[in-house]
Structures are given as structure tokens and as C-alpha cells.
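Subject: Structure for your review

Dear colleague,

Please find the structure below, followed by an account of what was found in it.

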Amino acid sequence: MEGKTGEEMGKTLMTETWLRKHRLLYVGATRHPFILSIRDGNIDLSSFKTWLGQDYVFVRAFVPFAASVLSKACKGSDNSSNDVEVMLGGMAALNDEIAWFKKEASKWGVQLSDIVPQKANQNYCRFLESLMSPEVEYTVAITAFWAIEAVYQESFAHCLEDGTKPPPELQETCQRWGNEGFGQYCNALRKIADRQLEKASDDVITKAEVTFLRVLEHEVDFWNISHGGT
């Protein structure tokens, strides 16, 4: 991960523990063949167009999930924290993100109104819906929110590292999620998650870890769509 991600004041953070414990799955989600093909400049652009259409559908489903996490933040964080402000910034960015998808779809000739969500996309969206339940703790929901955003940031930032060769027409895509500002936002989400986990019960921590793993599994399945998966 980018930025400050290790031990603070000699104490190992929960997310750091999970990233070490589940490293193989995390690498599978952030170094997927689809991402590596963008990084190396040999991506089949039809695969990119498939991803573009499917991810637009996912982002539309992500909006109410993000709103539900914001609502939980209003109720579940103390007044001294900046959880709500961080979440509001993310919500505002989603409007720009949806506009970007529409612009890119027009450029690539992708008819968004004709997109039918594939099975992996449907499953991921249903997973998001399950996290919107009032019974789901804020700690669990913010863990999922951080993990979803972090996978994209880590993946596309990898495509911008020295020596990579992303196609010029996909440079803007890589910059959208791989830029330093988005990385700082993901770090802010991670700090919120760690702070919540630090004071959570063992039961909630277990739920949050399972949720983290499910996000990674869904991310791998979603990337697979671009390689002929469902």
C-alpha cells in the first residue's frame, strides 16, 4: 500500500496484520492479469471495453452502499473524528466518476444502456446490498469500503510505476485511481477502519476480516470478467 501503512507507535494495525496474513489473495486482487496487461501495454482493448461497461454498473450500485456507510459514520463515529468529512469527500467524487464513465463509454463506443451485468458483477452488487443492512456494524462496513477503494488504487498505481508501458489511451484511466490524491484518500479510509477495529469486539473483528476477504474474492472475480469470465 502507498503511504503510512505499518506500525504506529509500536503497535501493529489490524489492516496491516490482515494484509500480511492474506498476502496471496491481496496480490491476486491487485496484480490481476487484466491489470498486468494494462501495465505492460498488451491489453486487448475489447477486454477494457467489457470492464468499462461492467464497472459502470458496479459504480451505480456502489453509490447507495457509500451512502449507507456515510449514514453509519454519522451514528457510529465520535465527534472528534473526521470520518464524516472523509466519507463526504468520497461521495462527492462519485458524481465525477460516473460522469467520467459516461464520457469514456462515448469515446469507446460502449452503449451503457445496453450493458447487462454479468454474474460476477451481480454477485458483487448483492454483496454490497447485504452490507447496507442496519444490522451490519459501522466497523464492518468501513472495512469493506476501504478494501474496495484500496484494491483499485493499488492496482492502477502499479500501472504508473517506473518502467511500465500502459497504452496512451488508458493513461487517464490509470491516473484516475492511481493518482497520489486517491492514495491519500484510501489511507484516510484505512486509518478510520483501523481506529474502529482497535475498539471493536472480537466478534466484530472476525466479521470485518471475513468481509475483507470477500471483497478481495469479489474483486478477483470482477477482474476475471474482462478475461472472458462471468
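In this predicted model, helix H4 passes helix H7 in a left-handed crossing, a term used if the near helix is turned anticlockwise from the far one by less than a right angle. H4 covers residues 45-76 and H7 residues 138-158; they pack at an angle of about 140°, with their axes 9 Å apart. Axes here are lines fitted to C-alpha atoms over the stretch in contact, and angles run from 0 to 180 degrees between N-to-C directions. Helices are DSSP runs (H or I, at least four residues) numbered from the N terminus.

The residues of H4 that meet H7 include Trp51, Phe58, Phe62 and Phe65, and those on the H7 side include Tyr138, Phe145, Ile148 and Tyr152; contact means heavy atoms within 4.5 Å. By class, this contact has 15 nonpolar, one polar and three charged residues. Ala, Val, Leu, Ile, Met, Phe, Trp, Tyr, Cys and Pro count as nonpolar, Asp, Glu, Lys and Arg as charged, and the others, Gly among them, as polar.

As for the cysteines, zero disulfides were found in a search of the whole structure, a disulfide being a pair of cysteine sulfur atoms within 2.5 Å. Cys125 is in no disulfide, and the nearest cysteine sulfur, that of Cys186, is 19 Å away. The sulfur of Cys174 has its closest cysteine sulfur in Cys159, but the distance of 4.4 Å is too far for a bond. Cys125 is buried because its relative accessibility is 11%, and Cys174 is buried at 0%. Buried means under 20% relative accessible area, exposed over 50%, and partly exposed in between (1.4 Å probe, protein chains only).

Two further residues lie in other helices. Pro33 is found in H3 (residues 33-40) and is partly exposed at 46% relative accessibility. Its C-alpha atom is separated by 8.5 Å from that of Asn224, 191 residues apart along the chain. Gln122 is placed in H6 (residues 119-131) and counts as partly exposed at 33%.

On confidence, the chain averages a pLDDT of 92, and 93% of the residues score at least 70; pLDDT is the predictor's confidence in each residue, from 0 to 100. Over residues 1-9 pLDDT stays under 50. Where pLDDT is low, the predicted coordinates should not be read in detail.

Residues are numbered from 1 along each chain as its sequence is written, and side-chain values use heavy atoms, with hydrogens and water left out. Local features need pLDDT of at least 70 and side-chain atom pairs count only at pLDDT 80 or more, whereas totals for chains, interfaces and linings use all residues.

Yours sincerely

Key. Helix = DSSP H or I, 4+ residues; strand = E, 2+ residues; numbered from the N terminus.
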